[in-house]
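Here are my notes on the helix packing and the aromatic side chains. Please read them with the structure open.

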Amino acid sequence: MEEMISLVDFAKESRIQIDGFEIDGTDLEKYFEIKKVNDRDSRTFRDRTMFNNFKKLMDNKIKSDKVIIWGHNAHMMKKVSRGAYRDKVFGEYVKETYGDKSIVVGQYTGSGEVEHMPHQKRKLLQEKNSIEEYIIKTIEGVKVFPTLNEDIFIKPIRNMFCGGDIEELILADHFDSLILHEKGSAPSRL
């Protein structure tokens with residue numbers, strides 16, 4: 001938590017503009033209406049709407065050609081993973097619109113406890129041939145991979161998706177770079 005507060009304080013002192021693009025208002029109501037009928041369609045709607053919100057910020061409010069978009073891997077990927085819970089993700093819209101001007105950095109943690117939704121903590125699992133298993137066996141602390149040309153990144157690998165489901169993906173297909181953490185902990189609340 002202290003790190004987040006420090007980051008926000010730094011942004012304020014540096015006059016870095018911080019904006020959100022998550023759905024709200026009537027879009028949030030529509031999301032829940034769609035969710036009652038079809039969860040996949042609601043997730044696709046959410047990612048598309050988040051991108052539309054972001055695009056409006058870029059077109060009308062942001063006074064820079066450089067931005068950092070911070071979001072969950074499941075939304076930020078360059079393409080939807082096989083067997084995903086949506087047809088298209090936020091990151092795909094970004095890549096389609098901004099192409100090579102955008103870089104997608106994924107972030108994975110090998111062990112520890114994470115929080116998927118508020119107060120829903122769970123332990124990370126290290127399945128055989130998973131990214132979590134790779135991290136536990138090879139990473140101490142934090143390691144950044146600016147390019148993804150090692151075997152582990154270009155072959156199918158398993159990972160624990162945000163809700164705890166296991167998915168299979170090729171990391172280099174979904175991200176341009178990776179940050180891998182040996183151990184994580186669920187956030188503390190203010």
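Which residues in H3 meet which residues in H5?

1. This is a predicted model. On the H3 side, the residues are Asp47, Arg48, Met50, Phe51, Phe54, Lys55 and Met58. They meet Phe90, Tyr93, Val94, Thr97 and Tyr98 in H5. By class, the residues of this contact are eight nonpolar, one polar and three charged.

2. Now the geometry. H3 covers residues 39–60 and H5 covers residues 90–98. The two helices pack at an angle of about 40°, and their axes are 8 Å apart. Angles under 35 degrees count as roughly parallel and 65 to 115 as roughly perpendicular. H3 and H5 are therefore oblique to each other. Their crossing is right-handed.

3. Next, the rings. The count of aromatic pairs is eleven. One of them, Phe21 with Phe90, is stacked, at 4.8 Å centre to centre with 15° between the planes. Phe21 lies in the loop between helix H1 (2–13) and helix H2 (25–37), and Phe90 lies in helix H5, so the pair ties together parts 69 residues apart in sequence.

4. Tyr31 and Phe32 form an edge-to-face pair, 5.0 Å centre to centre, with 70° between the planes. Tyr31 is buried at 11% relative accessibility. Phe32 is partly exposed, at 44%.

5. One aromatic cluster is made up of Phe21, Phe51, Phe54, Phe90, Tyr93 and Tyr98. Phe51 and Phe54 belong to the H3 side of the helix contact, and Phe90, Tyr93 and Tyr98 to the H5 side.

Note on methods: Residues numbered from 1 in each chain as written. Predicted model: local features only at pLDDT ≥ 70, side-chain atom pairs only at ≥ 80, totals over all residues. Heavy atoms only, no water. Axes fitted to C-alpha atoms, helices over the stretch in contact; angles between N-to-C directions. Helix = DSSP H or I, 4+ residues; strand = E, 2+ residues; numbered from the N terminus. Parallel < 35°, antiparallel > 145°, perpendicular 65-115°, else oblique. Left-handed = near helix turned anticlockwise from the far one by under 90°. Contact = heavy atoms within 4.5 Å. Nonpolar A, V, L, I, M, F, W, Y, C, P; charged D, E, K, R; others polar. Phe/Tyr/Trp six-rings, centres within 6.5 Å; stacked < 30°, edge-to-face > 60°. Buried < 20%, exposed > 50% of the residue type's maximum accessible area, 1.4 Å probe, protein only.
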